[in-house]
Amino acid sequence: MRGLIDRQAITDVLVEYCYALDTMELERLLPLFATDCVVDYGPDERLRSSGADALVKSLERLWRWTRTSHHVSNIGIRFTGSGNAEVVSYVYAWHERVDGSTAIICGQYADTFVRNAAGWQIAARRMLMNACSDTFTVEINKLERRQPPPGWCAPDLDNSGDSTRK
Amino acid sequence: MRGLIDRQAITDVLVEYCYALDTMELERLLPLFATDCVVDYGPDERLRSSGADALVKSLERLWRWTRTSHHVSNIGIRFTGSGNAEVVSYVYAWHERVDGSTAIICGQYADTFVRNAAGWQIAARRMLMNACSDTFTVEINKLERRQPPPGWCAPDLDNSGDSTRK
Amino acid sequence: MRGLIDRQAITDVLVEYCYALDTMELERLLPLFATDCVVDYGPDERLRSSGADALVKSLERLWRWTRTSHHVSNIGIRFTGSGNAEVVSYVYAWHERVDGSTAIICGQYADTFVRNAAGWQIAARRMLMNACSDTFTVEINKLERRQPPPGWCAPDLDNSGDSTRK
């Protein structure tokens, strides 16, 4: 029961993060992160921040898009203590530029949550990119994917009559 | 505990709505809406309806697509009374025309739920569009997004070597 | 209460399935399926398998993509006994080929779950495709969608000024 309530609270944080980004009501992000949180979207210095204030400031960069939509799903929560949890969620993020062109990411948030006086908050976030459209050009951390064993051979499941496809 | 059961019931309504639309088993929509519900997808008169019967009738318009897929996520529920809730959810909606062309919306449902004898139902729904492909041409209500402060300047995070992109 | 815990356990299986596929840590799939599970993605023999071991082996075919991202949502659970459930979920699946081209499916998993000593597992899975990009060429089972009644006439909701669109 306690676990279910905690799961709901953690889910609410993930959902509110997306909403605040998509409306750019950035002050709504502040209570979602621990004061001393560490956030890492990619290797570029400007994609990393320490502390909730610095993070919220840095996320002003999303104004370079004219519209965004962040769809969060696949929320997997593993409690590692009464007030600690490792949380992986998926995000489908749609972005539009001033010129009308769009860019899509399919990624994951790998988060460490802590429960403190203000409730469950993100203490550490590392974003991993699983996939993106070729129009997305920011370097986000890459999700590691296991490689096929040596000698693995792809089956031909193509139904299109195009022999160059599998 | 009560809250968690109510949340599940509300989530089930959102999920069933999508399923009924994508299979076009429209009679399954009827129990999801309060008899006197008010629904507003956009400024066009034909995108607004009063009453569950009228709504279900109006949603026959989805037959102009050959296939659709409505993926709901980011469900945020705020109870405003023992039998009332304000619910915001995200939807990624995929549509295909007879000619094979496709159109995508990323939107939000801003719903008022009420609990009555038939269970939790949607009493009011306003759809807001956050994003769409340029092939989507129906005028849906727009999500408001806060504008950048005066003088805000976009950082250059482009990693593609194309100086026209940010 | 019991129901909520079971729902969470079932949801966790659906989430873990996606994660294991996207990282290709295929051994993580094994505990998600009943030993004698029956899985059917499409009419091609190679898209069907009996038994968890055979299934996991067959899913090596996902290595023909260089990256994938499976976003699960719309989880609808109907308990049909104390240890049985019919579960329908939606999946948005993004795939990338070696040549950089991409293919998207919007589909559904229609699953029968059973609870046994190892917890909730998938005993039967049938995948249904609701929508796909024209670049996706594998024949997945099709979702049935009800057809419009005879004489149904599409309203013109197009706002683009292009009279060939509706």
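Contact, on this tour, means heavy atoms within 4.5 Å. The model is predicted: local features need pLDDT of at least 70, side-chain atom pairs count only at pLDDT 80 or more, and totals for chains, interfaces and linings use all residues. Residues are numbered from 1 along each chain as its sequence is written, chains are lettered from A and ligands numbered from 1 in the order in which they are written, and side-chain values use heavy atoms, with hydrogens and water left out.

**Stop 1: A:Arg125**

Select A:Arg125. This residue sits in strand E6 (residues 119-132) of chain A. Helices (H or I, at least four residues) and strands (E, at least two) are DSSP runs, numbered from the N terminus. Is A:Arg125 buried or exposed? At 2% relative accessibility, A:Arg125 counts as buried. Buried means under 20% relative accessible area, exposed over 50%, and partly exposed in between (1.4 Å probe, protein chains only).

Now show its surroundings. Neighbours within four places in sequence are set aside here. A:Arg125 then touches A:Leu14, A:Tyr17, A:Val38, A:Val39, A:Asp40, A:Tyr41, A:Tyr109, A:Ala110 and A:Asp111.

**Stop 2**

Move to chain B. Six strands make an open sheet there, in the order E2-E1-E6-E5-E4-E3, with mixed pairing. Two strands pair if DSSP finds at least two bridges between them. Strands E2 (48-50) and E3 (67-81) of chain B are the edges; each has a single partner strand, so one side of each has no neighbour in the sheet. Neighbouring strands are turned by 20 degrees against each other on average, direction ignored.

Zoom in on E1 (residues 33-40) of chain B. Three bridges join E1(B) to E2(B), and the two run antiparallel. Pick B:Asp40; its bridge partner in E2(B) is B:Arg48.

Next, select helix H1 (residues 2-23) of chain B. H1(B) packs on the sheet and touches E1, E3, E4 (84-96), E5 (102-116) and E6 (119-132) of chain B. Its direction makes about 155 degrees with that of E3(B). Axes are lines fitted to C-alpha atoms, for helices over the stretch in contact, and angles run from 0 to 180 degrees between N-to-C directions.

H1(B) has 22 residues and spans 32 Å from first C-alpha to last, close to the 32 Å expected. The expected span is 1.5 Å times one less than the number of residues. B:Met24 follows H1(B), with a positive phi near 60 degrees.

**Stop 3: cysteines**

How many disulfides are there over all chains? The count is zero. A disulfide is a pair of cysteine sulfur atoms within 2.5 Å. Select B:Cys106: the closest cysteine sulfur, in B:Cys132, is 8.9 Å from its own, too far for a bond. B:Cys106 is buried, at 1% relative accessibility. For C:Cys18, the closest cysteine sulfur is in A:Cys106, 12 Å away and too far for a bond. C:Cys18 is buried too, at 0%.

**Stop 4: the A–B interface**

Show chains A and B together. 37 residues of chain A are in contact with 34 residues of chain B. About 3100 Å² is buried between them, 56% of it from carbon and sulfur atoms. Buried area is the accessible area (1.4 Å probe) that two parts lose on being put together, summed over both. Highlight A:Trp63, A:His71 and A:Thr137: they supply 21% of the area that chain A buries against chain B, more than any other three residues.

**Stop 5: a hairpin in chain C**

Finish on strands E3 (residues 67-81) and E4 (residues 84-96) of chain C, which pair antiparallel over twelve bridges. They form a hairpin with two residues between them. Select C:His71; opposite, in E4(C), stands C:Tyr92.
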